[in-house]
Amino acid sequence: MRALITGINGFVGGHLAEYLLADGRWEVWGLSRSATITLPELAGKVPVVQADLSDPEATMRAIVQVRPNVIFHLAGQPFVPESFRDPAGTLATNTLGALHIFLTLIEYRMATRVLVIGTNEEYGKIDPADLPIDEDTPLRPTSPYGVSKAAQSLLALQYHYSHGLDLVRVRPFTHIGPRQNERFVTAAFARQIARIELGLQPPVVQVGNLAAQRDFSDVRDVVAAYALLAEHGESGAVYNVGSGRAVMIRELLDMLLAECSVPVEVRLNPELMRPIDIPVVVCDASRLRARTGWEPRYTLAETLHDILTYWRQRVRAEALATTD
């Protein structure tokens, strides 16, 4: 099977490509705004087609060149705080990219399956009665990012109904792991700890809301769910991906600090607080499990250890590079 991963150079795109290549049954292509693979682990293994998905003609050329059996649509603006700073850009990026993919498939009568990757942020304002959150929970997004992904999901459903496109919608809950951008919570904690251990910053970890409870999964488990849904998902359906367990962000920080080799102060930074933050989020992924048999393999402790190991190695390499 030939897969095209949009956003191949992103956090999830890289892990998905590694998973599919290790499976051995996939020919993996990437789509990116740049013409190169930035992840060393994929160098020479994944050909890249260059396109900005906001450009319908470039999108069309790229997809027609590859003619994939499956498109994993991961590209987009993924950062909630950035969506408040640039709501128009977030809405345009996350809806038009998907639309241009759909229009290409219609124009060229391609029977390509598309996994349209959304987010639990589509559910937004969660009432306690909604927990755990299943796919029938009303969409009440609380950020422009959540709105953009809800729009993308509804657009996919519309094109499935109106044009018979083979689209499977996916709503992953919070996923973490090595190589994630430091703008995201566990990566931000781990990077600060790694810098503190090397004496590159004062022994203070800046934090936002530690009381929020979220459903955390390892990105390597999440991409395994994507691969299963590419083969077994029902066309037009939507599937949650998550652990089914809520963990307080304070607990994640404590687990990381337990591995830290020096004493650290935790300090609240108001700039890291969101305008609105849902207290508790828990996923119901029973539909995914029933359809595919998916089960997570990584424990939270393993995931956090791997994240901290990655940031220790990266921060050390960056420090050595600046002294050369």
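In the predicted model described here, the side chain of Arg214 places a polar atom 2.7 Å from the backbone oxygen of Ile278, within the limit for a polar contact (a pair of N or O atoms within 3.5 Å, of which, within protein, one must be able to donate a hydrogen and the other to accept it, residues adjacent in sequence counting only if both atoms are side-chain atoms). Arg214 belongs to strand β9, residues 213-214, where helices (H or I, at least four residues) and strands (E, at least two) are DSSP runs numbered from the N terminus. With a relative accessibility of 10%, Arg214 counts as buried, the classes being buried under 20% relative accessible area, exposed over 50% and partly exposed in between (1.4 Å probe, protein chains only). Beyond its neighbours within four places in sequence, Arg214 is in contact with residues including Thr174, Arg245, Asp277, Ile278 and Val281, contact meaning heavy atoms within 4.5 Å.

Residues are numbered from 1 along each chain as its sequence is written, and side-chain values use heavy atoms, with hydrogens and water left out. Because the model is predicted, local features need pLDDT of at least 70 and side-chain atom pairs count only at pLDDT 80 or more, whereas totals for chains, interfaces and linings use all residues.

The domain assignment, which is automatic or taken from a database, divides the chain into domain 1 (2-175 + 218-241) and domain 2 (177-214 + 245-280 + 298-322). The C-alpha centres of the two domains are 27 Å apart, and 22 residues of domain 1 are in contact with 15 residues of domain 2. Together the domains bury about 1,700 Å², of which 59% is on carbon and sulfur atoms; buried area is the accessible area (1.4 Å probe) that two parts lose on being put together, summed over both. Phe11, Phe79 and Arg220 supply 33% of the area that domain 1 buries against domain 2, more than any other three residues.

Between the domains there are 2 salt bridges, each defined by a side-chain nitrogen of Lys or Arg within 4 Å of a carboxyl oxygen of Asp or Glu. Arg220 also forms a salt bridge with Asp306, with the closest N and O atoms 2.9 Å apart. The count of residue pairs in polar contact between domain 1 and domain 2 is 6, both residues being at pLDDT 80 or more. On the side of domain 1 that touches domain 2, α1 (11-23), α3 (80-85) and α7 (219-232) each supply at least two residues, and the largest share, 4 residues, comes from α1.

The structure as a whole holds 19 salt bridges. One of them joins the side chains of Arg25 and Glu231 at 2.7 Å, N to O; since Arg25 lies in the loop between α1 and β2 and Glu231 in helix α7, the pair ties together parts that are 206 residues apart in sequence. Arg25 is partly exposed at 44% relative accessibility, as is Glu231 at 32%, and a network of salt bridges links Asp23, Arg25 and Glu231. A further salt bridge connects Arg312 with Glu197, the closest N and O atoms being 2.8 Å apart.

In helix α2 (residues 56-66), the buried residues include Ala58, Met60, Ile63 and Val66, and the buried residues of α2 pack against β1 (2-6), β2 (27-32), β3 (48-50), β4 (70-73) and α4 (87-107).
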